[in-house]
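Hi,

Here is the structure I promised to hand over. My notes follow below it.

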Amino acid sequence: MNTNTNKLKLVIVGHVDHGKSTLVGRILHETGALPEGKVEAVKAMSEKRGMPFEWAFVIDSMQAERDQGITIDTTQIRFKTAAREYLLIDAPGHKQFLKNMVSGAAGADAVVLVVDAHEGVQDQTRRHAYLLRLLGIRRIIVAINKMDLAGYGEERYQEVRREVAAYLRSIGVNAIDITFLPIAAREGANIRERSAAMPWYEGPTLLEALDAVPQPVAATDLPLRLTVQDVYKFDERRIIAGRIESGSLHVGDTLLFSPINATARVASIESWNAAQPAKAGVGQSVGITLDEDIFVERGHVASHVHSAPVVSNVFRANLFWLGRSALVPGAQYRLRRGAAETPAVIERIDRVVDTNTLASGPGDKVEWNGVAEVTVRTRGLLALDHHADNALTGRFVLVDGHQIVGGGTASTEDYPDQRRDAAPKGTNLFHVRHRVAAEDRARMNGHRGGILWFTGLSGAGKSTLAVELERRLFAKGYQTFLLDGDNARQGLNADLGFSPQERAENIRRIGEVSALFAEAGMIVISAFISPYRVDRDRIRATHGEYFHEVHISAPLHVCEARDTKGLYRRARAGEVKDFTGISAPYEAPVAPELEIKSGEWTTERCLAALVDYVEEHLAYRPAKIRAVV
Ligand code: ADX
């Protein structure tokens, strides 16, 4: 049982040499957390070496002792005030510091950002602040340090304060959660005791400011997320062991396991030493048994049915890059989310952010310590949350070999949940067998049924080519029919808009309708933007024997220049939402059966290529002869 009550997890960040270690040393001293005789020992040592004593040496010496296995772990320093206990996550200067923070093992509740009063905001001040925003840490105490070097003057303090505030505001950190204060860590000014040297300052001291941070509410009111760590066989029972990352569960609850999309009820919550509890909550590691034997394994996530995580293999992310070599699109990593691990590629770098200038733009790589918005594609389906909804289950790390090379927060908004396919279905459905064989229809028609799935940007020429192709094929004696996006959206799909979810449903329905036409022996030309690869892949997965993916490809700028429907102009003006290529992604096919370069070729050449393709692949040749060819 995790008793998180009255403990605050704290992290101290800031530019190198702005005084983080000194501050930690001083805090430990002021709160009586240092081992007996430590300060004296370090003082004596400094004297012997002829150096002035520094509080940072205390931390250094603890670090050195830790490395020799003598003393406490500097990655887990504790101190106490009258109000509560603090757990300082990782010592500043520690090499793994950013990694620990990003990996979320840290999950700090509050942050002290140390800024040198003399130097003001520097490179790493911005970087660290930006990282805090990415991680969603919103309780920030900005300690403007080394006030002694600034003559304890209010003017300089206000100046730096404004500079930091402006930066935090510009990156979207919520100002309500920020406290500023002037300190001189070395002198102990405004750490615990109010400093007589700064009578103009009337706010709290650092320790008072820390004590004023509200105790974080446990994530009990968030939806249940239980990450499966392991499954044990125990006499006849299978015990699913996992950690409750948010929410709570009761015996009798129906749980949905993602990404496998299987449900079962909690039969029991196991206990090793006491009576079996009826419920369990956030922070607890539990073992549960289910009323049904479903296939559950490490990495799966249990939730309640109506507040499930998103299941996807593609999502956008804000990424903080820690790898020594730059991140380039297409590189392979392993992605860890909770206990789940799967191969992943960074498919695209959507935006690289310069944390100094906040300028952002397209980029083809992300350097060490850089920040970027990327599109991640994993090999397996993954259960995850939109970071804004659940900060704990909405973050992940990327691993290369044994190294954490990056961490990020997931944004699932642009991509639909993919569990639709496995949504509860009628179980008493039987497939009715036709008495007319596909082969007979093909012989009668002189060709096989099939779907020519035209995908491409708006303005690439899908409809134009489709209309003319239908006419030419018909003239050659093919049974053919065009299903067009604009038309379908006025009838069958009049209830759907352009959000990722609605587009997915649009394509799902059209995929099914197309397959029926194809089964009826027709060559159906389906012309839809169909921007998401998963949606197209799903048709291929279910109706692969008919599916021919045709990429009508023209560069975005060509389509935009044509702007046949005036939609690009209106999208740029903000009048059309979710417009593909402008405010929503388009994912080109990886290996389409046919690519028609409509931006480059004449219409005639495009049509010839299409007709050739049909004649080669769909014209009927009796089975026997086909075998010889
Ligand atoms: S899809 O993304 O769901 O496949 P679809 O091909 O049906 O899109 O779109 C049909 C037509 O809707 C487009 O050709 C375009 O004329 C129009 N349209 C209106 N608003 C949008 C929008 N936001 N994005 C894309 N197309 C839009």
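Leu 23 touches Ile 12, Val 112, Val 114, Ile 183, Ala 185, Ile 191 and Leu 206, leaving aside residues up to four places away in sequence. Contact here means heavy atoms within 4.5 Å. This is a predicted model: local features need pLDDT of at least 70, side-chain atom pairs count only at pLDDT 80 or more, and totals for chains, interfaces and linings use all residues. Residues are numbered from 1 along each chain as its sequence is written, and side-chain values use heavy atoms, with hydrogens and water left out.

Leu 23 belongs to the largest nonpolar core, which has 70 residues. Leu 23, Val 112, Val 142 and Val 164 touch the most other members. Domain 1 (7-211) and domain 3 (312-411) both contribute residues, so this core lies between them. The domain bounds come from an automatic or database domain assignment. A nonpolar core is a set of buried Ala, Val, Leu, Ile, Met, Phe, Trp, Tyr and Cys residues joined through side-chain atoms within 4.5 Å. Buried means under 20% relative accessible area, exposed over 50%, partly exposed in between (1.4 Å probe, protein chains only). A second, separate core has 34 residues, including Leu 457, Cys 559, Val 611 and Ala 619.

Now the ligand. Lys 565 places a polar side-chain atom 2.8 Å from a ligand oxygen. For Asp 486, a polar side-chain atom lies 3.3 Å from a ligand oxygen. A polar backbone atom of Asp 578 is 3.3 Å from a ligand nitrogen. On its own the ligand has 550 Å² of accessible area, and the protein covers 92% of that (Shrake-Rupley, 1.4 Å probe; for residues, only the protein chains shown count as cover).

Arg 337 counts as buried because its relative accessibility is 6%. Its contacts include Thr 227, Glu 245 and Phe 396.

Best wishes

Conventions: A polar contact is a pair of N or O atoms within 3.5 Å; within protein, one must be able to donate a hydrogen and the other to accept it, and residues adjacent in sequence count only if both atoms are side-chain atoms.
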